[in-house]
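Dear colleague,

I am passing on the structure we spoke about, and I would be grateful if you could look it over with the notes below beside you.

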Amino acid sequence: MNEDTVRTGDGAGDGTIQWRRDASTSRTVRLLWTFGVGTFFAAIGIVICWRLYRLGGEAFGAVGRIAILALIAGSAATVVALALAGDTEGHLERAAGPLPFDAPSGTSADRAVDAAVGTVAMGAIIGVLMGVGRYVSQNELLAVGAGPFTGLAALFLPLALGALVLASFLQSVGTLDGEEEAIYLYEPDQRVDLEVITDVSIRQLGDIAILSLDYAQPGGQYVQGPRRIVVPPAVARDVAALVRSQS
């Protein structure tokens, strides 16, 4: 049983299973969210850093450019060190001590660190692609110039949007009630009666199971309800067992 599920009772037909799938409990959702948010922040950060780099060079020459690069490298190293630290929340509180606002705590602190790490990682990847493209273009190493490299860097933006949409879809909170043979979904609230389900199929994506439901049509009438729901693999197996026991 994963840490995001709580079971009461002895089996699929007895008791309940409560679950929560989000960035705090699912590695898949967390990675998708980190990639999506990090990519957008990285794109914004690269524009700002490039502007500061040029301003520093115009104002102080090579010394100004080196100072800006050192500031960027120091900020990235701080983020990596903070992510690797054992007491991330404590470090954030100490860092925000002299500041006029409170440091994030709990889940907010974890998401802030994930966003920062994603920003550093994607900033490095996009920055390298753009740097290589610039070098290739200036030295005329390819007939197409920097196009392939800048195009690949730009491709990360729609991929990031898709990752955020997928991360949102893969989040779910609910309860499987084995005695009532029903699934209760929250956010939004829905109830799925398993007695109107004729068959289920399971597709696993990382630590997440996407459950496809086939509804009966008594008298040819359409039965409302979600056709796909996201649950932990343990819940998916119990739902499939309950549905098949009705056959």
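A residue is called buried here when its relative accessible area is under 20%, exposed when that area is over 50%, and partly exposed in between. Because its relative accessibility is 6%, Asp 114 counts as buried. Please keep in mind throughout that this is a predicted model.

Salt bridges

The whole structure contains 5 salt bridges. In one of them Arg 30 is paired with Asp 114, with 2.9 Å between the closest N and O atoms; since Arg 30 belongs to helix 1 and Asp 114 to helix 4 (residues 107-138), this pair ties together parts that lie 84 residues apart in sequence. Arg 30 itself, at 38% relative accessibility, is partly exposed.

Asp 114 also meets the side chain of Arg 111 in a salt bridge, at 2.7 Å from N to O, and these two residues, being 3 residues apart in helix 4, are separated by about one helical turn. Arg 111 has a relative accessibility of 14% and therefore counts as buried. Taken together, Arg 30, Arg 111 and Asp 114 are linked in a network of salt bridges.

Another salt bridge joins Arg 191 to Asp 193, where the closest N and O atoms are 2.6 Å apart. Arg 191 is partly exposed at 43% relative accessibility, and Asp 193 is likewise partly exposed, at 25%.

Side chains of opposite charge can pair when their charged atoms come close. Asp 177, which is located in strand 3 (residues 172-177), is buried yet has no salt bridge, and the nearest side chain of opposite charge, that of Arg 191, is 7.0 Å away. The side chain of Asp 177 does, however, reach the backbone nitrogen of Glu 179 at 3.1 Å. Apart from neighbours within four places in sequence, Asp 177 is in contact with Gly 15, Thr 16, Ala 182 and Tyr 184.

A nonpolar patch

On the surface, Phe 40, Phe 41, Ile 44, Ile 48, Leu 52, Leu 55, Leu 157, Leu 161 and Val 165 form a nonpolar patch, which together has about 780 Å² of accessible area. Helix 1 (27-60) and helix 5 (147-169) each supply at least two residues of this patch, and the largest share, 6 residues, comes from helix 1. Leu 55, for example, is placed in helix 1 and is partly exposed, with a relative accessible area of 37%.

With best wishes

Conventions: Residues are numbered from 1 along each chain as its sequence is written. This is a predicted model: local features need pLDDT of at least 70, side-chain atom pairs count only at pLDDT 80 or more; totals for chains, interfaces and linings use all residues. Side-chain values use heavy atoms; hydrogens and water are left out. Patches are made of residues with over 30% relative accessible area and no salt bridge: like charges are joined within 9 Å, nonpolar side chains (Val, Leu, Ile, Met, Phe, Trp, Tyr) within 5 Å. Accessible areas come from the Shrake-Rupley method with a 1.4 Å probe; for residues, only the protein chains shown count as cover. A salt bridge is a side-chain nitrogen of Lys or Arg within 4 Å of a carboxyl oxygen of Asp or Glu. Helices (H or I, at least four residues) and strands (E, at least two) are DSSP runs, numbered from the N terminus. Buried means under 20% relative accessible area, exposed over 50%, partly exposed in between (1.4 Å probe, protein chains only). Lys and Arg count as positive and Asp and Glu as negative; His and the chain ends are not counted. A polar contact is a pair of N or O atoms within 3.5 Å; within protein, one must be able to donate a hydrogen and the other to accept it, and residues adjacent in sequence count only if both atoms are side-chain atoms. Contact means heavy atoms within 4.5 Å.
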